[in-house]
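Trainee: Please take one part of this model and walk me through it closely. I would like to follow the charged side chains.

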Amino acid sequence: MLETPRLVLRPYAESDIPALTRLAGEREVAATTLRIPHPYTEQNAREYLAICQAESNSGPVTRFAITLRHTGEFCGGAGLRLDTAHAHGEIGYWLGVPFWGHGYATEAARAVIDYGFGDLGLHRIYASHVAGNDASGRILRKVGMHHEGCMRGHIRKWDSFHDLECYGMLESDRK
């Protein structure tokens, strides 16, 4: 579990399924992410929780439900996709639309980065976002990442190819 002044990032639980389905199911959320399908169903949520559980059974928790500290309300997710052979991880995060614009994604991303470098001993953390998702680019810069380039036409989402803006940081960048 990771804690920040306003958030608690904890392992996903079965009780998160209704809110996960509702919030991740919003088209605006899927449009700004690489890996959330639309529509997002309860079955998608159940499969995702099974993946999270399997991963945490075989290694450190790397996928977290983001909840509000004062209410416990589920508002999104964050995590790291690890490559232990190279001591790096890809950070990802998303929030439900009602939670956009409050600084929660930046706060959660900082906590995950601190966890990745401090607890997991990573050398590098990187991220990407679909070109045009300027809010995500601002978050990545706020947490100390450097823009490293653009991969043109790198992903296909909803039958269109999209550029990915790439960011990264080394553990030594935090000092």
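**Charges on the surface**

Mentor: R110, R138, R141 and K142 gather in a patch of positive charge on the surface. Patch members have over 30% relative accessible area and no salt bridge; like charges join within 9 Å, nonpolar side chains within 5 Å. Areas are Shrake-Rupley values with a 1.4 Å probe. Lys and Arg count as positive, Asp and Glu as negative, each placed at NZ, CZ, CG or CD respectively.

The model is predicted: local features need pLDDT of at least 70, side-chain atom pairs 80 or more, while totals for chains, interfaces and linings use all residues. Numbering starts from 1 along each chain, and side-chain values use heavy atoms, without hydrogens or water.

Helix 5 (residues 134–142) gives the patch its largest share, 3 residues. Helices are DSSP runs of at least four residues, strands of at least two. R141 sits in helix 5. R141 is partly exposed at 45% (buried is under 20%, exposed over 50%, partly exposed in between).

Now the paired charges. A salt bridge puts a Lys or Arg side-chain nitrogen within 4 Å of an Asp or Glu carboxyl oxygen. The count is 10. E3 bridges to R69, with the closest N and O atoms 3.0 Å apart. E3 lies in strand 1 and R69 in the loop between strands 3 and 4, so the pair ties together parts 66 residues apart in sequence. E3 is partly exposed at 49%; R69 is partly exposed at 38%.

D16 bridges to R10 at 2.6 Å. D16 is buried, at 3%. R124 bridges to E148 at 2.8 Å. That pair links strand 6 to strand 7, 24 residues apart.

Technical notes:
Buried < 20%, exposed > 50% of the residue type's maximum accessible area, 1.4 Å probe, protein only.
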